Amino acid sequence: MSFQVFGISVSRGVAIGRAVLVASSRVDVAHYFVSPTEVETEYNRLLQARDAVSQELQSLKADLPPDAPHELDALLDVHLLLLNDEALVDAARQWIQERHYNAEWALSAQLEVLARQFDEMEDDYLRERKADLEQVVERVLSALAHAQDKGAPGAAAVVARDFAGEDPLLLVAADIAPADMIQFKRSVFQGFITDIGGKTSHTAIVARSMDIPAVVGTREASRLIRQDDWVIIDGDAGTVIVNPSPIVLEEYRFRQRQSELERARLARLRHTPAITLDGQRIELHANIELPGDTAAALDSGATGVGLFRSEFLFMNRNGELPSEDEQFAAYRAAVEAMRGMPVTIRTVDVGADKPLDRMSVNELRHEHVLNPSMGLRAIRWSLAEPSMFRQQLRAIYRASAFGHVKLLLPMVAHLSEIKQVQEAIRRVKQQLDDAGQPYGLVELGVMVEVPAAALMLPMLLRHVDFISIGTNDLIQYTLAIDRADEAVAHLYDPWHPAVLHLLASSISQARAAGKGVSVCGEMAGDALFTDLLLGMGLNCFSMHPSQIPSVKQRVLRADTQRLAAAIPRILESEEPGRTALDALASQRLH
Ligand code: PEP
Ligand code: MG
């Protein structure tokens with residue numbers, strides 16, 4: 001039966017493929033394809049793991065003390081029954097044989113099928129056996145991990161191994177933590193659907209950086225969609241069509257081809273400098289999460305990195321932080337790759353919906369972390385961990401010997417935070433001097449993402465070289481809307497008059513002070529806002545590399561002086577969104 005699920009559009013374009021349901025707790029299971037010749041070996045791996053668990057359960061049973069409660073013995077029997085039921089491992093064989101999934105993935109895929117059947121059972125007792133099944137599967141997964149060859153992908157690996165004949169795969173999950181999402185960068189999936197999340201939640205941001213269609217905040221997609229269903233993700237409309245009819249499928253295949261042609265057309269702008277009709281040069285920089293993303297940045301024609309979200313280097317490390325040398329190697333790699341162009345490294349911004357471990361928004365909610373967005377995140381966390389922070393500063397300064405590095409501090413709200421950082425920098429430079437280690441000139445900037453920073457900007461500007469406006473958080477904190485919460489996503493409004501006022505005044509104050517200003521929040525990469533920001537006087541935009549071509553196209557058609565003339569009317573309007581679209585469209589030359 002065909003049906004639709006509605007959510008929030010994260011990433012444009014159309015993806016058509018088969019659904020792969022992944023439970024949030026099992027997102028870190030390895031997902032890769034095995035070649036047709038490896039199918040039998042892979043299935044044997046699964047059988048061996050099942051036998052190992054069977055033995056484990058039998059010895060547990062045998063070792064039960066005589067006075068152990070009878071329920072324990074019965075429970076082990078239930079687990080053995082579930083383990084050996086042909087609906088589990090035997091049925092998982094089909095995923096290996098037909099879809100070429102690796103053993104762990106095949107088992108998790110089959111678990112999702114069975115879990116759905118348990119959910120639909122009338123009988124309470126039987127329905128509750130789902131938890132037992134999950135425990136059994138966990139045991140088999142850990143037996144698989146235990147027996148893992150050294151050369152095989154690790155438990156958290158998501159490896160793309162292409163070979164002809166595979167249907168595209170679309171990941172469907174209740175929620176994915178940013179730490180897990182980052183692992184999908186090299187993944188087999190060509191689209192994402194999640195139940196949780198808002199447009200600028202960090203999971204959405206990472207999905208967007210992968211430049212594949214994604215829809216978040218669907219609330220119940222993971223409950224309604226079944227393993228292996230045919231699914232269309234309409235990333236433009238934020239809808240998901242499940243089991244489409246042949247006519248609908250054909251229509252979307254057509255749209256998919258159209259958007260590929262449009263991309264190819266825009267890609268031709270790569271080497272064209274971003275200069276407006278009235279001769280203003282506009283810098284289009286890239287937002288990156290990992291040093292390897294510089295390849296996409298260069299490919300898209302970025303003239304620098306405007307935001308390196310360094311916190312992603314700190315994730316998926318089982319509580320260990322990256323050493324100074326490791327960080328230095330990562331920053332140096334990014335700096336060298338950009339060949340003299342500026343690389344703006346933001347100091348670690350953990351906390352809120354970006355915890356260091358793989359907690360998803362859903363889990364955070366259940367952890368009852370009080371207002372994590374207002375807690376110890378970003379620069380607050382760094383200043384609370386001085387030795388970690390100095391290590392990061394040292395690594396960044398050492399990398400500055402290899403190119404053009406700018407240092408950016410997240411979530412600054414107090415002048416004292418800048419002063420503390422300046423003191424830390426002074427100490428770090430002293431240490432480097434003492435050790436004879438070279439470093440370059442590093443400009444210091446702050447993110448304007450808390451209204452307090454925007455409101456006291458003239459004061460902050462006296463102490464820094466540049467600012468970067470983080471509209472994702474600026475909107476969140478100005479409107480008191482949690483950016484990761486789909487329940488209030490409709491109120492998350494970049495066109496809100498308060499947001500526009502803070503944006504316009506921040507850009508003009510920075511320019512008047514002769515300091516650099518860029519926008520690196522999601523607004524910068526959305527071509528809908530390009531004219532507005534150009535009209536406000538912005539000349540540096542930082543965004544996902546894939547967004548650069550469409551923003552550049554806007555820049556090439558813009559006359560900043562004419563756009564500027566429309567800004568006062570927009571700022572005074574009670575409906576700025578509508579006024580802006582009318583006023584700016586009439587100022588734009590086609
Ligand atoms: C922002 O808040 O706009 C920003 C760019 O930072 P992040 O999205 O990483 O919080
Ligand atoms: Mg931010």
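The shell around ligand 1 comprises eight charged, five polar and four nonpolar residues (Asp, Glu, Lys and Arg count as charged, Ala, Val, Leu, Ile, Met, Phe, Trp, Tyr, Cys and Pro as nonpolar, and the others, Gly among them, as polar). This is a predicted model, in which local features need pLDDT of at least 70 and side-chain atom pairs count only at pLDDT 80 or more, while totals for chains, interfaces and linings use all residues. Residues are numbered from 1 along each chain as its sequence is written, and side-chain values use heavy atoms, with hydrogens and water left out.

**Surroundings of ligand 1**
- Ligand 1 is surrounded by 17 residues (a residue is near if one of its heavy atoms lies within 4 Å), and the closest are Arg309, Arg346, Gly470, Asn472 and Arg483.
- With three residues, helix 18 gives the most to this shell (helices, H or I, of at least four residues and strands, E, of at least two are DSSP runs, numbered from the N terminus).

- One oxygen atom of ligand 1 is 2.8 Å from a side-chain N or O atom of Arg309.
- In the side chain of Glu449, an N or O atom is 2.9 Å from an oxygen atom of ligand 1.
- Thr471 has a backbone N or O atom 3.1 Å from an oxygen atom of ligand 1.

**Aromatic pairs**
- The structure holds nine aromatic pairs (rings of Phe, Tyr and Trp, its six-membered ring, with centres within 6.5 Å; planes under 30 degrees apart count as stacked, over 60 as edge-to-face and the rest as tilted).
- Phe308 and Tyr331 pair edge-to-face, at 5.8 Å centre to centre and 80° between the planes.
- Because Phe308 lies in strand 10 and Tyr331 in helix 11 (residues 324–337), this pair ties together parts 23 residues apart in sequence.

Terms used:
Chains are lettered from A and ligands numbered from 1 in the order in which they are written. A polar contact is a pair of N or O atoms within 3.5 Å; within protein, one must be able to donate a hydrogen and the other to accept it, and residues adjacent in sequence count only if both atoms are side-chain atoms.
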